[in-house]
Amino acid sequence: METPTKQNSKPRLSITRLIPLLILGAGLVAFFALGLNKYLTLDLLKENREALKIWVYDHKTEAVLLFIVAYVVTAAFSLPIASLVSITGGFLFGSVFGAAWGVIGATIGATILFIVAKSALGDPMRVRFASQIKSMEEGFRANAISYLLLLRLVPLFPFWLVNLAAAFTGVSLITFVLTTFIGIIPGAFVFASIGNGINALFE
């Protein structure tokens, strides 16, 4: 009688599963390689404020959609311009709507990163770094909603790092989306309010 061969129980990384993550990583590298971190500044907003205001007034729907897409890209690729984008939203759409469109875009972008990281690296990361993330994983599982809300309301860690940590520790998609959407509202409103009043500062 044949004895069954022993299977390796450790999950392995698949190239196909890694492709979306590699795309996101390449986008982040390209952002710095092209020097966009030096080009996209408040000075650029100041120099083009009149043209932007006129274009948004004439193309309201397109402007909202374009802004949301810009924030989706910023959050999904973990670009270090989230504050600038939030301020720009307040400058263009006012405190309330600037914050609203920013929250929608940031939530969608963060969710994309969460899904990509969870599907590509979630299981391998939990196995390979079980001891390092054990306490964090237990905290997420004990009360993921409260823990994630705290991390969103009090940004002790970078936004992108919280997205990845939640993915690696098995947080459910619905919990991640709800806590992200609710938790980033206060911060989004603060930055949009700054943007709403920044025109006077530029003047």
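Student: What makes a stretch of this chain count as a helix?

Tutor: A helix here is a DSSP run of H or I with at least four residues, numbered from the N terminus. In this predicted model, the elements run α-α-α-α-α-α-α-α-α-α-α-α from that end. The chain has twelve helices and zero strands.

Student: Why is the span of α5 called close to the expected one?

Tutor: Helix α5 covers residues 60-76, which is 17 residues. The expected span is 1.5 Å times one less than the number of residues. For α5 that expectation is 24 Å, and the helix reaches 24 Å from its first C-alpha to its last. Just after α5, S78 takes a positive phi of about 55°.

Student: What makes F67 in α5 count as buried?

Tutor: Buried means under 20% relative accessible area. F67 is among the buried residues of α5, and so are A63, V64 and Y71. Of the 203 residues of the chain, 36% count as buried.

Student: How do you know which residues F67 is in contact with?

Tutor: Contact means heavy atoms within 4.5 Å. Leaving aside neighbours within four places in sequence, F67 is in contact with V85, T88, G89, F93, G98, W101 and G102.

Student: What makes a set of residues a nonpolar core?

Tutor: The residues must be buried, of nonpolar kinds such as Val, Phe or Tyr, and joined through side-chain atoms within 4.5 Å. The largest such core has 22 residues, and F67, Y71 and V85 are among those with the most contacts inside it. Elements giving two or more residues to this core are α5, α6, α7 and α11. The largest share, six residues, comes from α5. Apart from this core lies another, of 15 residues, including A110 and F140.

Conventions
Residues numbered from 1 in each chain as written. Predicted model: local features only at pLDDT ≥ 70, side-chain atom pairs only at ≥ 80, totals over all residues. Heavy atoms only, no water. Buried < 20%, exposed > 50% of the residue type's maximum accessible area, 1.4 Å probe, protein only.
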